[in-house]
Amino acid sequence: MTDLTPLNEDFSSALAIVAHPDDLEYGAASAIARWTAQGKQIGYLLVTRGEAGIDAIPPKACAPIRMQEEVEGAALVGVNDVEFLDHRDGMISYGLELRRDIAKAIREAQPDLVITINHHDQFGPGRYNQADHIAVGRAVIDGTRDAANRWVFPELLSDGLQPWKAQRILVSGSPQADAFVDVTASFDAGVASLAAHRYYLAGLGEHAMSDPRIFLEQIASSAGERAGVPLAVGFEVIEL
């Protein structure tokens with residue numbers, strides 16, 4: 001069954017905004033590797049530093065480890081612009097502060113597209129989403145629209161940041177995916193990007209998500225079946 005359509009890749013820049021180090025690596029990174037190989041400019045913005053992500057490492061020590069792993073993993077898919085906000089991992093609150101931070105980042109970067117993670121309550125039947133993902137995903141949708149509205153967060157104008165309208169938002173990991181990117185040629189780079197999160201993966205122990213190649217191949221093969229290609233990444237496309 002092929003129910004996904006090819007994603008329109010007629011863009012030159014994108015800003016990926018997610019909650020944690022590793023969020024992009026669990027799927028979207030293979031598509032990002034394809035795009036950077038095409039010469040597209042991609043930047044990452046992490047809302048947290050991932051400090052609550054490894055049970056055995058206290059947050060103060062964990063944050064720099066996870067930030068470094070994110071920078072290393074991003075470089076493996078051609079992304080060298082990686083920035084972090086300072087919202088608290090596991091305790092992100094949807095609201096005006098988060099929306100403003102996102103709108104500010106979008107006005108600064110002026111991307112054609114914005115990429116984020118699943119904002120829905122579930123990834124699929126019986127697979128409930130995580131609170132930070134939901135908060136950030138929804139804030140990205142609203143913050144992207146806020147970035148285009150000069151009357152929302154007018155203080156950004158005082159900082160010299162003019163409104164910026166992105167073309168659309170791509171949502172990775174969405175149960176409502178309607179488009180795909182063929183990542184057959186860029187899949188290995190995506191695996192390497194996730195594998196760079198060594199401390200995080202080790203902290204998972206015996207978990208389905210701890211083997212980058214096996215886990216990502218299952219997801220990409222499933223999307224590929226829906227797309228009619230060997231390996232794919234699915235996205236929900238939100239037109240703006």
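Mentor: We begin with a term: two strands pair if DSSP finds at least two bridges between them. The model is a predicted one.

Trainee: In β10, which residue is the bridge partner of S172?

Mentor: Strand β8 covers residues 168–172, and strand β10 covers residues 232–239. The two strands pair in the antiparallel sense over five bridges. In β10, the partner of S172 is F235.

Trainee: Which strands are the edge strands of the sheet?

Mentor: The sheet is open, has eight strands and shows mixed pairing. Its order is β1-β9-β10-β8-β5-β2-β3-β4. An edge strand pairs on one side only, which holds for β1 (5–6) and β4 (81–84).

Trainee: Why does the radius of gyration agree with a compact globule?

Mentor: The C-alpha trace spans about 50 × 45 × 35 Å along the principal axes. For 240 residues, a compact globule would have a radius of gyration near 18 Å. The protein agrees with this because its value is 17 Å.

Trainee: What percentage of the residues in the protein is buried?

Mentor: Buried here means under 20% relative accessible area. Of the 240 residues in the protein, the buried ones make up 54%.

Trainee: How far apart are the mean positions of the positive and negative charges?

Mentor: The protein has 19 positive and 34 negative charges. A mean position is taken for the positive charges and another for the negative charges. The distance between these mean positions is 5 Å.

Note on methods: Residues are numbered from 1 along each chain as its sequence is written. This is a predicted model: local features need pLDDT of at least 70, side-chain atom pairs count only at pLDDT 80 or more; totals for chains, interfaces and linings use all residues. Side-chain values use heavy atoms; hydrogens and water are left out. The radius of gyration is taken over C-alpha atoms; the globule rule is 2.2 Å times the number of residues to the power 0.38. Buried means under 20% relative accessible area, exposed over 50%, partly exposed in between (1.4 Å probe, protein chains only). Lys and Arg count as positive and Asp and Glu as negative; His and the chain ends are not counted. The place of a charge is taken as NZ of Lys, CZ of Arg, CG of Asp or CD of Glu. Helices (H or I, at least four residues) and strands (E, at least two) are DSSP runs, numbered from the N terminus.
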